[in-house]
Amino acid sequence: MVLELQKRLGDAIRAVLNEKYGLADETVPIETPPGLRFGEIATPVALQLARKLRKAPKVIAQEIVAALGSVEGFTGFEVAGAGYINARLERAAAVRMVVSHPFAGEIGERMEHPAAAKVGHSNFQVSESRPGAPADHALVEHTSINPNKAAHIGHLRNAILGDTFVRLLRAAGQKVDVQNYIDNTGVQVADVVVGFLHVEGKTLAQVRELVAACERRAATEGHKAAIDYSCWDLYARTSQWYSEGSEEEQAARKKLRYETLHAIEHGGNETAEVAELISTAVLKRHLETMLRLGIEYDFLPRESEILHLKFWEAAFEQLKKTGVLYFEEQGKNKGCWVMTRPGGGDAAGTARHAGTAGPETGATTSGPDEEAKVIVRSNGTVTYVGKDIAYHLWKFGLLGRDFGYKPFFRYSDRECWISTTGGEADHPHFGGATAIYNVIDARQADPQANVIQALRGMGHTAEADHYTHFSYEMVALTPRCAVELGYTVAEEDLSRPYIEVSGRKGFGVKADDLIDKLIAATRAEVDARQTARSEAERQKIAEQIAIGALRYFMLKYTRNSVIAFDFKDALSFEGETGPYIQYAVVRIRNIFRKGETTPEAVLAEFAKAASQRVSELASQLSGEENEDIWALWLRAGRFSLVLDQCIGASEPAYLAKHAFQLAQEFNNFYHKHHILTEEDAGRKTFLLATAAVVLRELVKALALLGIESPEAM
RNA sequence: GCGCCCGUAGCUCAGCUGGAUAGAGCGACUGACUACGAAUCAGUAGGUCGGGAGUUCGAAUCUCUCCGGGCGCACCA
């Protein structure tokens, strides 16, 4: 509702500016005033035009208001302060808009509350041709945990951010493929393989037996017995092992490490088979962990297939042909195929390599570019960035090759596919997206920029423009938390604000451990409150609250703020938390339960009354004593605006904030107005309708955040 | 050395892309359960928005410069 009216006002003012001052395409900033006494929507447009028009802002504002006349949905405009134009909404009309504009269809289908799903399928459109609006087929890549150890809290932030963003895009009507990239042939997997084969001295058969045994034990004893947990420790031990012993021993171990890595990359040997066993088993565990949070994937592209299906070879040809890569003949990168870096590329450099000159004559004019990024080493092997370029060409459907596909993991209603060399003949199509979002932490900004640079250099500018590095800062531990967990913290680290999590050192909080801890805490609380409910019911509620707390915790921070993790904050269920919002939902449901009616019945009745008795509704929304109720409706009507901002800024935290504020204003309302004892029938319906709309909006917002709305708590 | 991010209340963070009186949560202190559940609400205290300069009618927000903190800058993956 608010978004629509903002656009309407903006259009009306633009028309005035065009007509009255001959200003075409002037941007009209629209904002929300600091308080309702300034109206509901405001614009400082007159202030910004003051210089251009050489007039006092106040005068301009008055002229605009006079020329505006009346605009549908608004009762009037006034000039305030230095030259603001404040607009006042026709409140009754706005309320009716909120009631009748409930959901984008897809969101409705995802609601678990039947009332919410049925309320309405209007032709509600969220993002209409906004400039820079995301394209129709998006590909979001997130999670991407090396399959050699258990997931930790840093991975949780990645997955929760990514999953939430997927929900937001889908709510806005986009087709989205969700990918989880698996680096199953990297050093991290190699290290665990070295651990099994050389530190522990196991054979392939023994590893196979161990993986099977872990699976059996995990089924009865829980995930602490699972393979990803044992790998967590083994990985840390192996990392330690490399730096132990005499110099000769260390050198031999390093050598072993790279031989193992190369054997895995090459494939078709026992070492590669061990790697395959481990990485597949650990990957399954990751998918299970993420499923606990409601996170699912469509496709799991693996590094092994990128290698075996020769993605790089195809990309290399294109990169050479377009002049993005050139062969360096002198300097420190002699014998390598290199690419000009995004930052360091001066105009001359770009022209030199991307232009007419072939690779042979490339590096002659001004000496070797020492800052260039090596893509193919002098020994002929390709670097990580090179493989990443190939993979991203595939994502945009520009590579001319495809993966093989086979089903890998079964969700309740569908299959998650994985890459393979052969694969099924009949499979869904992935890749060929028009916009991609890579959820990768901020430390990888440079490599990401390199890939974008390559795309741009190859002439794929549209693709480069729709390549978003969805960057976020890491989750670190507070020194106190690290000590609490029993890690030895160096003296100088104790005074630091946070300490980085490290899988290599086995230093961090495992995802499943945290989830377990949260469930245990919520379970204790639920057991104390819900004595009449069954064991299974209480467990379900506890899980919903625990996941709500965790997801909200990871989403309330904006992306580029480092989260200094602390159990005290993460295990909090009061104040700005997921459970706070869930509690507001439960309260509203209780009102309807006790009042023996339903939100949809109330809204239907209210909608009818509102269209018949407009003046009554108007009076219920006016006056000092009703300001808070009007504010609540106004907040409820902001959803599409917030969704728009979330997608535009790739920032799910805005929606988290919105949900919290709505719940907060509702709680205030709840204490002030006692609904069920209200004697005036019309007033009671109005109050119930207010609660119903807030319920609908809260459930919707929570669902987009991946948080369930419990029936009780 | 170069690049990116951060610095806002005791603590953890917002601040709608330059606007009106800088806001929340936690913690502290006061109050509110015989009414729809107190995982709640109302209130009080707490800020030279790291320092300085500049641009502007107007700066927490943009520019420059210091100070403090973090992270990247390999023919590793």
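## Ground rules

Because the model is predicted, local features need pLDDT of at least 70 and side-chain atom pairs count only at pLDDT 80 or more, while totals for chains, interfaces and linings use all residues. Residues are numbered from 1 along each chain as its sequence is written, chains are lettered from A and ligands numbered from 1 in the order in which they are written, and side-chain values use heavy atoms, with hydrogens and water left out.

## Domains

Let's start with the overall layout. Chain A is divided into domain 1 (2-89), domain 2 (98-125 + 574-704), domain 3 (181-295), domain 4 (297-468) and domain 5 (473-565); these bounds come from an automatic or database domain assignment.

Between the C-alpha centres of domain 1 and domain 2 there are 29 Å. Their contact (heavy atoms within 4.5 Å) takes 8 residues from domain 1 and 11 residues from domain 2.

## The surface around RNA strand B

RNA strand B is surrounded by 65 residues, of which R37, Y84, R377, T558 and Y583 are the closest. A residue counts as near the strand if one of its heavy atoms lies within 4 Å of it.

A polar backbone atom of Y670 is 2.3 Å from a base nitrogen, and a polar backbone atom of V562 is 2.9 Å from a phosphate oxygen. From Y557, a polar side-chain atom lies 3.4 Å from a sugar or linking oxygen. The elements that give two or more residues to this surface are α2, β3 (84-89), α21 (511-529), α24 and α29 (653-672), and the largest share, 8 residues, comes from α29. Helices (H or I, at least four residues) and strands (E, at least two) are DSSP runs, numbered from the N terminus.

## A helix crossing

Helices α10 (residues 227-242) and α12 (residues 270-292) have axes that come within 8 Å and cross at roughly 120 degrees. Axes are lines fitted to C-alpha atoms, for helices over the stretch in contact, with angles from 0 to 180 degrees between N-to-C directions.

On the α10 side the contact is made by I227, D228 and C231, and on the α12 side by I278, A281, V282 and R285. These residues divide into 5 nonpolar, no polar and 2 charged.

## Loop residues to look at

Most residues other than glycine have a negative phi. R54, in the loop between α2 (45-53) and α3 (57-68), has a positive phi of about 50 degrees. E596, in the loop between α24 (578-594) and α25 (599-612), has a positive phi of about 55 degrees. Both are exposed (over 50% relative accessible area; buried is under 20%, partly exposed in between, with a 1.4 Å probe and protein chains only): R54 has 78% and E596 has 74%.

P342 sits in the loop between β8 (337-339) and α15 (347-354) and, at 32% relative accessibility, is partly exposed. Not counting residues up to four places away in sequence, P342 touches A449, N450 and Q453.

Key: Polar contact = N/O pair within 3.5 Å; in protein donor to acceptor, adjacent residues only side chain to side chain. Nonpolar A, V, L, I, M, F, W, Y, C, P; charged D, E, K, R; others polar.
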